[in-house]
Amino acid sequence: MVISHRSVEHCDRLIGARRLVSMSSSFDKIPTIDLSLVDNPETTPQLLDSLHYALTEVGFLYVSNHGVPIDVIASLVQALPTLFSQPADVKKCVAMENSPHFLGYSSVGSETTAGVSDRREQFEFATELTEVWREGLPLYERLRGPNQARSLPPETFKSFLSDQHRLKLVRYPGLPPEDLDASKQGVGPHKDSSGWWTFLLQASPPEVKGLQALNKAGEWIDVPNVPGTFVVNIGQAFEVVTNGTCKATTHRVLSSSRERFSVPFFQGVRRDLTKIEAVETLKAHFESLSPGQESTEGHSIDSAFLRGKYDTWGESQLRTKVRSHRENGRKFYAQVYDRYISDDV
Ligand SMILES: O=C(O)CCC(=O)C(=O)O
Ligand SMILES: [Fe+2]
């Protein structure tokens with residue numbers, strides 16, 4: 001290709017002009033890239049133009065409408081002061097000085113930038129990976145390795161589970177108005193006493209309401225059937241083992257004019273689990289996490305194990321069963337029947 005004198009001149013002029021433009025366009029604010037514009041083909045060119053400008057001229061940008069749920073961000077923001085206010089020895093449990101992968105906690109003054117000691121403390125995380133480095137591999141491969149999280153090993157909760165889980169097939173009859181006026185109680189307010197976690201299939205159409213959960217303000221919140229889902233709620237033993245960090249939420253079912261079906265599956269808890277074992281085993285882990293509040297009504301729910309009234313999970317579960325199904329209780333457990341029935345916790 002022959003490049004004419006004229007075209008070289010043209011190019012020079014262009015380069016000069018571009019240099020001028022870029023000097024004159026030195027940014028005075030950081031652009032915002034609205035990711036919702038990507039959803040519409042008509043606004044995509046505008047998005048790409050502003051992204052091009054941001055990437056080539058600024059090198060900094062905001063993204064808005066990014067899709068990360070606000071409550072996820074809010075709970076992270078809320079957790080930070082609590083995390084950093086942990087005593088030094090707790091933070092040291094995950095000290096970076098234990099990690100050849102430079103992962104974990106480093107205290108104020110232990111980091112240096114531009115030759116000067118920084119005044120910040122930090123917890124550093126990375127993609128969770130196993131350690132692969134050994135003598136002979138490049139030293140930088142030693143950067144690869146696991147995090148030092150304070151999370152619990154995956155098997156932790158298994159030791160609390162029982163050999164017996166329970167499943168119920170339940171029908172709430174549709175009631176005529178006069179019966180509904182007398183009582184709407186399909187099942188009264190309770191925290192699940194059968195154990196660990198409950199997995200519930202709501203087996204009637206979404207318009208058949210009934211299940212409600214009690215919030216911290218003492219209001220009953222509908223838990224309608226969302227097709228394709230199970231409702232999962234926490235049982236009393238899990239609340240105890242997690243030191244109240246995870247709440248066994250009070251719930252009930254209101255009857256209506258429509259028949260309703262449900263299928264709850266209750267994960268069982270070891271019958272010989274003692275309250276001391278339940279409280280102590282994971283105490284150190286959970287006591288640093290502050291238990292949330294519950295409503296006064298929720299707090300007053302009958303809960304023998306939570307109140308430490310019986311020594312074992314099995315006994316408090318037997319008491320609940322005897323009290324719930326009294327004919328059976330009288331028939332098979334006469335020796336404890338009166339005691340359990342009269343024992344309002
Ligand atoms: O039927 C339902 O939706 C809930 C039943 C329940 O809470 C229970 O049996 O513990
Ligand atoms: Fe329940």
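**Note on the predicted protein–ligand model**

1. Overall composition. Of the 345 residues in the protein chain, 18% count as buried. The model is a predicted one, and its protein chain contains 12 helices and 15 strands. Among contacts with a separation of 6 or more, residues 24 or more positions apart contribute 68%.

2. Confidence. The average pLDDT of the protein chain is 83, and 87% of the residues reach at least 70. Residues 1-24, by contrast, have a pLDDT below 50, and beyond near neighbours in sequence this stretch makes two contacts in the model. For the complex, the predictor reports an ipTM of 0.99 and a pTM of 0.62.

3. Ligand surroundings. Which residues surround ligand 1? The shell consists of Val170, Val187, Asp192, Leu200, Gln202, Leu211, His251, Val253, Ser262 and Pro264. By class, six of these are nonpolar, three polar and one charged. Three strands each supply at least two residues of the shell: S10 (197-202), S14 (251-254) and S15 (260-266).

4. Proline 264. This member of the ligand 1 shell is found in strand S15. Proline 264 counts as partly exposed because it has 19 C-beta neighbours inside 10 Å, whereas a buried residue needs 20 or more. Apart from neighbours within four places in sequence, its contacts are Lys168, Val170, Thr198 and Leu200; Val170 and Leu200 also belong to the shell around ligand 1. The C-alpha atom of proline 264 is separated by 9.2 Å from that of phenylalanine 230, 34 residues away along the chain.

5. Lysine 168. This residue, a contact of proline 264, lies in the loop between strand S7 (166-167) and strand S8 (170-172). Is lysine 168 buried or exposed? Lysine 168 counts as exposed, because it has 11 C-beta neighbours inside 10 Å and the limit for that class is 12 or fewer.

6. Nonpolar side chains tend to be buried together in soluble globular proteins. The largest nonpolar core here has 13 residues, and those with the most contacts inside it are Phe160, Ala237, Val241, Val269 and Leu273. Helix H6 (residues 236-241) provides the largest share of this core, four residues. Leucine 273 is in contact with Phe160, Ala237, Ala278, Thr312 and Trp313, leaving aside neighbours within four places in sequence; of these partners, Phe160 and Ala237 are also listed among the residues with the most contacts inside the core.

7. Helix H3. Spanning residues 70-84, helix H3 has 15 residues and reaches 22 Å from first C-alpha to last, close to the 21 Å expected at 1.5 Å a residue. Why does H3 lie largely in the open? The number of buried residues among its 15 is zero, so the helix lies largely in the open.

8. Arginine 144. The loop between strand S6 (122-124) and S7 contains arginine 144. With 16 other C-beta atoms within 10 Å, arginine 144 is partly exposed. Leaving aside neighbours within four places in sequence, arginine 144 is in contact with His101, Leu129, Glu131, Val132 and Trp133. Arginine 144 and phenylalanine 102 are 42 residues apart in sequence, yet their C-alpha atoms are 9.2 Å apart in space.

Terms used:
Residues numbered from 1 in each chain as written. Chains lettered and ligands numbered in written order. Predicted model: local features only at pLDDT ≥ 70, side-chain atom pairs only at ≥ 80, totals over all residues. Near = placed C-beta within 6 Å. Nonpolar A, V, L, I, M, F, W, Y, C, P; charged D, E, K, R; others polar. Contact = placed C-beta atoms within 7 Å. Expected span 1.5 Å × (residues − 1). pLDDT = per-residue confidence, 0-100. Core = buried A, V, L, I, M, F, W, Y, C linked by C-beta atoms within 7 Å.
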